Amino acid sequence: MALLPLDEAIDIVTQTALALRESHPPDTRVTTLWEASGFVIATDVRADRPMPPFDKSMMDGFAVRAADLVGASTELVVVDEIAAGEVPSREVGPGEAIAIMTGAPIPLGADAVVVVERTQRAGERVIVQGTIGVGANIARLGSQVAEGEIVVERGRIIESLTAGVLASFGAHEVPVYRRPRMTVIATGDELVSVEETPGPAQIRDSNRKTLMALGEAEWCRVVDGGIAKDDRHELARNIRDGLDGDVLVLSGGVSAGSYDHVRECLEAEGVEILFHQIAIKPGKPVLFGRTARTLVFGLPGNPVSSYVTAMLLLVPAVRILGRRPDARSWYLDLPLVERGLDATQGRTTFHPADLVRLDGDALGVRPRAWDGSADHVAYARASVLIRRDPQASAAMPGEHVRVLMPRSLVEW
Ligand code: AMP
Ligand code: MG
């Protein structure tokens, strides 16, 4: 039977995540802006005042009447000084100037600000070089944002600059969505935790850490589901605990070996399997299912397979559950540099690679040598993944390939 194509698998995950999300009312709470970083905002926030809130000087200099400046230089009488935060106490009359600082309100009468570099101050007087256009160096009231305009859209993650925008408009308390809760369980008799010393034939469990770190980077509440032995009873117990969250992720135990019990145990716990095995390399054994309230990912145990399938399937799902609008993967079309790539063999294939700078600012992509899906050390050194179609022929340097952009670069 033909394997499910990757894009169909992504569609199934995406649709299932959307359906699950829509089947529950949004769960929100109000938090202070100080505690809101990393949460998704649950409302549109509108400007409570225009920006700038008054006609404002963009420079240090002198507020003048543009019509006063004629010829190569003009002498004006300096009648006052306005610092940022001060309300002007008098107007600028004909032949007058008021010294003004960046951010201070423009006094009545003035219609331009001459930058200090174009002036020479002599006591009560200032000599201004050249002429000036009306409005120069003035940010007009409301010219950036009108009162009532939406300044932060619902669904945005509150991060540095967004948090600052909320502060600008007085949003000191904001409603945010509850973060998806994601449990990660590693399975395998050969696994020991990082704190333990591996015995002969044992390895350290790395996937649990990779997947938990990925979940944290995607703003989930991550629950450590521990390591389960390849034992039906133990696995069933861990799975039952994990099924009270929004997402359950298991690593290992989904291939065809005699100790691969994950599918059987999931089904016994009432998980509906929506696909198992897809046309992807690495990552073919991946499994996806759901209950009424939880999405379930059974990722292959090989560290690279587990990571790649998590990037392609798990991350979009948690973004959707988190009510973020940015679930889609981004690709760039870039030329291969130095090395070519072999033909693919019927599965969408991901290859670790590095971005390289060509002449000027153009980018290329150089495939990395790696040793297959267990070699996560080589994979971790790579900066991007090249995606190749299931029927792609061998590619030579210079040919263009699709490069999956790291999610951190394409937040928005
Ligand atoms: P499995 O998918 O359970 O058949 O595992 C495939 C390969 O991945 C085996 O070589 C495992 O030892 C390895 N593996 C499984 N789980 C992990 C894990 N949590 N961390 C590192 N390697 C693992
Ligand atoms: Mg195993």
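The model is predicted. The protein chain is divided into four parts, domain 1 to domain 4. Ligand 1 is surrounded by 17 residues. Cis peptide bonds join M51 to P52 and K281 to P282.

**Ligand 1: the shell**

- By class, the shell holds 5 nonpolar, 9 polar and 3 charged residues.

- S206 places a backbone N or O atom 3.0 Å from a nitrogen atom of ligand 1.
- G301 also uses a backbone N or O atom, which lies 2.8 Å from an oxygen atom of the ligand.
- N302 has a polar backbone atom 3.1 Å from an oxygen atom of ligand 1.
- The protein buries 77% of the 490 Å² that ligand 1 exposes when taken alone.
- Two elements give two or more residues each to the shell: β14 (181-187) and β16 (203-204).

**Domain layout**

- Domain 1 is built from two stretches, 4-27 and 178-321.
- Domain 2 also has two stretches, 28-48 and 150-177.
- Domain 3 spans 56-139, and domain 4 spans 330-411.

**Where domain 1 meets domain 2**

- The C-alpha centres of domain 1 and domain 2 are 31 Å apart.
- At their contact, 5 residues of domain 1 touch 8 residues of domain 2.
- The two domains bury about 540 Å² between them.
- Carbon and sulfur atoms account for 58% of that buried area.

**Backbone points to check**

- Most peptide bonds are trans, and most residues other than glycine have a negative phi.
- The bond between M51 and P52 is cis, with omega at about -10°.
- P52 sits in the loop between β3 (45-46) and β4 (56-57).
- The bond from K281 to P282 is cis as well, and its omega is near -5°.
- P282 lies in the loop that runs between β20 (278-281) and β21 (287-290).
- A201 has a positive phi, near 70°, and is not a glycine.
- A201 belongs to the loop between β15 (191-192) and β16.
- β16 (203-204) is also one of the elements that give two or more residues to the ligand 1 shell.

Notes: Residues numbered from 1 in each chain as written. Chains lettered and ligands numbered in written order. Predicted model: local features only at pLDDT ≥ 70, side-chain atom pairs only at ≥ 80, totals over all residues. Heavy atoms only, no water. Near = heavy atom within 4 Å. Polar contact = N/O pair within 3.5 Å; in protein donor to acceptor, adjacent residues only side chain to side chain. Areas by Shrake-Rupley, 256 points an atom, 1.4 Å probe, with all protein chains shown as cover. Helix = DSSP H or I, 4+ residues; strand = E, 2+ residues; numbered from the N terminus. Nonpolar A, V, L, I, M, F, W, Y, C, P; charged D, E, K, R; others polar. Domains from an automatic or database assignment. Contact = heavy atoms within 4.5 Å. Buried area = accessible area lost by both parts, 1.4 Å probe.
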